[in-house]
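Please look over the sequence and the three-dimensional structure shown here before reading on. The report after it is meant to be read alongside both.

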Amino acid sequence: MTSRVQVHEQGDSRRPDRRYPDAPAIIRRRTPRDAATSSTSRTTSRDAVRDLVRSWRPQPYGTEPSLATPPPRSTTRRNGVPLLETDRFTVPPPVPLEGSHPWLLSASQRGNPHSAVRTWTEGNAVRPLVHGRPYFAALAAAVERMRAGDLLLFVGWRVDPDECVRPDGTTVAQLLSQAAHRGVLVRGLVWRSQLDRLKFSVRQNRRFAQTVNEHGGEVLLDQRVRPFGSHHQKFVVLRHPGRPQLDVVFLGGIDVAHSRGDDADHRGDPQRMPFNTWYGGRPAWHDVQVEIRGPAVRCVEEVFRERWEDPSALSRRPWHLVPHLLDLPERRPDPLPEPLPSPEPVGTCTVQLLRTYPNRWGGYPFAPHGERTVARGYAKALRRARRLVYIEDQYLWSESVAAVFAEALRNEPGLQLVAVVPRFPEQEAERRLPITLHGHTQALDMVHEAGGDRVLILDVENAVGRPVYVHSKVCVIDDVWATVGSDNFNRRSWTHDSELTAAVVDEARDPREPRDPAGLGDGARVFARDLRLRLWREHLDLTAADDDALVDPAEAVATLRDRVVALDAWYAAGCVGERPPGRLRSHVLGHQPSTWQRVASSPAYRAFVDPDGRPPRMKLRGHH
């Protein structure tokens, strides 16, 4: 690795304009061609733009259904502890002349003009891969089709090099090493983890990088994060020069790591990681990834390229800074090949990438003050929610995040919230630590306070009654807008760690009644509805033949309630008789922290467990 990372200067025509890539040309940077325009044309255009801007005024939130005016916020307390913060997840109206979408963020609403990632792309094919085992099989099949000159870009939070991705015992390290031997350009970014004694993965990630690098790949350990932060993105990009029909992205919440290789039967992954004993010796694991083909592939590739080309030191450790400051060749990553054109449209899905990057010392070149499009994307979509919000999440804690859901519940008396979360934390010690229970109880109290019996918080078990660890990060709103990604519903994921999520609005409308469940004219969309139905069939022990009881949101929630009540009652009666169908149960916290424990643990919780990565000015103003 002797060549310097390629630096694109301002005039480099190969680099897209990093401000608002999808905005009209008149509000972008002027080019030499613009300068050659006749003075009459310039005067006319300038006068027209000046008149338009003078006549435009920022509109109130009521101008878009998705940006309804937030009601006055009262401070709700439970056991003497405030449940609401002053944080406001405001999303400004689009600026004049830019493309807007009722569900997706416009270029200006993203709030980060420094990134080359497109605002959204149309014409994508998106397929959900529910659980790790189907994802690993799809990933292995796609990588094995690659040949010399193809490009493989890999990003992970944790990677166990010996995790099997095929039934024949092929491991992820072998899969990528064999690809490198065939001449595939293998490049990777894996989080340079915290210490193993903190239950992280520094040794596993280092072994994975060393193994792939020994066989011709280049995997970097990346610690360009805030203190106590992490790179939490999990995605793979496969590009094929001359064979664009094979270009694909895998994106979501699944690490190629121990315990993730489970399926719908939830018997667990034979390669298990140390885990809470309540999940048994072979913990069952529920997770979701998506496979994306089409123009969005190029956007996800740009996410990788931006991180790869960041000139900052890869490590925060002082003894690693010396060779970086000396600019030694071995400390520089090899440049990536010039990007291929975006793949042609192949489907009906509009995809918007939502990201989180923190406000980091030195700044990211592509996000100098961080990026919070995950937070903004949810804030905009939830203000359009009318009937049903369904989420699956590993945590669902942090009152500042729960406040967005609580606001939606207060705004819409007919809105229902169904959330599926893990029954127990990941580590045994967390079950009774007030610092870890604080945020979870605060969040649940807040949404229950706002929605009452319209809120269902559930956990899931397998067919023999063993709890299933829910690691998926999914949200479906009114069967229209759906997300799958790496971000959890907590402040850490929305402000502090690096995250990547795909928001999907399928342009294909579902013909089944109700065709427009929210009543806003959006219509139910095929991808969002199919994703919700697929997850609910698994959780309720139903099949596609039972979809009539699940399509309508009101009937679906009634069916879900009936099965949850029946299963809870069966357990309460001592498990007498035949076990009722279904795997969902009411989520009950076995240990509630006392008021003094909540107050005492709050500072440590905010500093270490669920930190805030926003710039200071945003923290002071309560903005995102």
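This is a predicted model: local features need pLDDT of at least 70, side-chain atom pairs count only at pLDDT 80 or more; totals for chains, interfaces and linings use all residues.

Residues are numbered from 1 along each chain as its sequence is written, and side-chain values use heavy atoms, with hydrogens and water left out.

Helices (H or I, at least four residues) and strands (E, at least two) are DSSP runs, numbered from the N terminus. The expected span of a helix is 1.5 Å times one less than its number of residues, and the table sets this value beside the reach from first to last C-alpha.

| Helix | Residues in helix | Reach | Expected span |
|---|---|---|---|
| Helix 14 | 20 residues | 28 Å | 28 Å |
| Helix 13 | 15 residues | 21 Å | 21 Å |

In helix 14, which runs over residues 553-572, the buried residues (under 20% relative accessible area, with exposed meaning over 50% and partly exposed in between, for a 1.4 Å probe and protein chains only) are P553, A556, V557, T559, L560, V564, L567 and W570. Seen down the helix axis, these buried residues fall within an arc of 160° (taken from the directions from the axis to the C-beta atoms), so they line one face of helix 14. The face turned away from this buried side carries the exposed residues D562, V565 and A572. Among the elements against which the buried residues pack (contact means heavy atoms within 4.5 Å) are strand 13 (388-392), strand 15 (455-460) and helix 13 (526-540). Helix 14 is followed by G574, whose phi is positive, near 90°.

Helix 13 is itself largely enclosed by the rest of the structure, because 11 of its 15 residues are buried; including R529, R532, E538 and H539 as well as W536. After helix 13 comes D541, with a positive phi near 55°.

Elsewhere, the axes of helix 9 (residues 373-382) and helix 10 (residues 399-411) come within 10 Å and cross at roughly 10°. Helix 9 and helix 10 are therefore roughly parallel to each other, a term for angles under 35 degrees. At their meeting point, Y378, A379 and L382 of helix 9 contact V404, F405 and A408 of helix 10.

Finally, S115 lies in the loop between helix 3 (107-110) and strand 3 (121-130), and at 5% relative accessibility S115 counts as buried. The side chains of S115 and E306 are joined by a polar contact of 2.8 Å, a term for a pair of N or O atoms within 3.5 Å, where within protein one must be able to donate a hydrogen and the other to accept it, and residues adjacent in sequence count only if both atoms are side-chain atoms.

Notes. Axes are lines fitted to C-alpha atoms, for helices over the stretch in contact, and angles run from 0 to 180 degrees between N-to-C directions. Angles under 35 degrees count as roughly parallel, over 145 as roughly antiparallel, 65 to 115 as roughly perpendicular and the rest as oblique.
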